[in-house]
Amino acid sequence: MAIQDALNHGPFYRSTELVAGVHKAEGYFAGFRAAHAYGRIYAGTFTATPGAKTLSRAAHFQGTPVPVTARLSGASGDPSQKPSNIVAMATKFYLPDGTITDLIAITLPAFFVRTPEEFLAFTDARALDPATGQPDLAKVREFLVRHPNAARVFQLLQKQPALVSFAQVSYRPLHTYRFVNAAGEGHWARYHWEPEAGVAGQPIEELAKQPHDFLFEELEGRLRAGAVTFRLELELAQEGDPVDDPSAMWPDGRERVVVGRLELSRRITEAEIGDPEMMHDPTAVTDGIEISPGDQIIAARRGAYLVSLAERTGGWHRRGTLAAAAPKSAPEPVSVQSSTR
């Protein structure tokens, strides 16, 4: 990493600008996340495979089932927009020692950019024209010409079908992590959540005919019949694969290892969990899992998410109210209420 890159690097580097950039492209909606505004939360369990502990000493890789929550959402910062062909799953693992580790995944084939500066240029290109309420396509095309990785992602998204179900799509956390086992041996790898129901899609025009909450209601219909399950797979890096650039795609054919199984069982809310803030932080790893020190995007995400959290919750002005809420804890089986933010 160049000296200038090292300086332009950290959790609060240009955080306010990054969130403002998202609002510029998505609009501002009080009380909601800057992106992935509309979502619902589900409770479940994660159980590691016997081989997971050979790759990482992380507590949730040791085979003992741990409770989880997963927030499923669309991509837009506009809560009125329906999910389509880009959706996300943000998972919290509630570890035996009382700590939490997060894993944020999305259906993008890769991220659009490598640095915060590129992200700001991307949001400038996608900024909504006040006259039309739509992005200026000429500016978008100009950005893609200058950023070939972004152009490749954009081209793949044009062919990516819409969902038929949150339970039948692959989710990718995009970043590369280093997994370290009890002997201190490390491997770089990328996560993948693969649906045990199989991957399926449909034309975007068909999903657009459905009601706003269709995908959530479809998932909850499945949950009434039984658990919705995903395999957690690690795609192992080979020599030369970039581990600090989430916009770079690795060649096909990399070895994958199944390290666990996620079972989602029911809908849950922030109030039930005792976490009124419910922020998901991709840098909130645990011992045995490390983020790439050269990845500028993952470094910047924590600060940007904290800025977005402060915007939607009132920031420190409401800390007394938030602190009075129930403590963060693993979800218990209690009644379900509505939660979309």
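**Aromatic pairs and the cavity**

Reply: Phe112 is buried, with 13% relative accessible area (buried means under 20%, using a 1.4 Å probe and protein chains only). Phe122 is buried too, at 9%. The model is predicted, so local features need pLDDT of at least 70 and side-chain atom pairs pLDDT 80 or more, while totals for chains, interfaces and linings use all residues. Residues are numbered from 1 along each chain as its sequence is written, and side-chain values use heavy atoms, without hydrogens or water.

There are 11 aromatic pairs (Phe, Tyr or six-membered Trp ring centres within 6.5 Å; stacked under 30 degrees between planes, edge-to-face over 60, tilted otherwise). One of them, Phe112 with Phe122, is stacked, at 4.7 Å between centres and 20° between planes. Phe112 sits in the loop between strand S4 (100-106) and helix H3 (116-126), and Phe122 lies in H3, 10 residues apart (DSSP runs numbered from the N terminus: helices H or I, at least four residues; strands E, at least two). Phe166 and Phe216 form a tilted pair, because their planes meet at 50° with centres 4.9 Å apart. Phe166 is in the loop between strands S5 (162-163) and S6 (176-180), whereas Phe216 belongs to helix H7 (residues 214-225), 50 residues apart. Both Phe166 and Phe216 are buried.

Phe61, Tyr177, Phe179 and Tyr191 make up one aromatic cluster. Tyr177 and Tyr191 also line the largest cavity, together with residues including His60, Phe93 and Asp102. S4 gives the largest share of that lining, 3 residues. The volume of the largest cavity is about 50 Å³.

Definitions and conventions:
Buried means under 20% relative accessible area, exposed over 50%, partly exposed in between (1.4 Å probe, protein chains only). On a 1 Å grid over the protein atoms alone, a cavity is a set of points where a 1.4 Å probe fits but cannot get out, and a pocket is an open set with protein on both sides within 12 Å along at least five of seven lines; lining residues have an atom within 4 Å of a point. Grid points are joined across faces, edges and corners, and a volume is the space filled by probe spheres set on the points.
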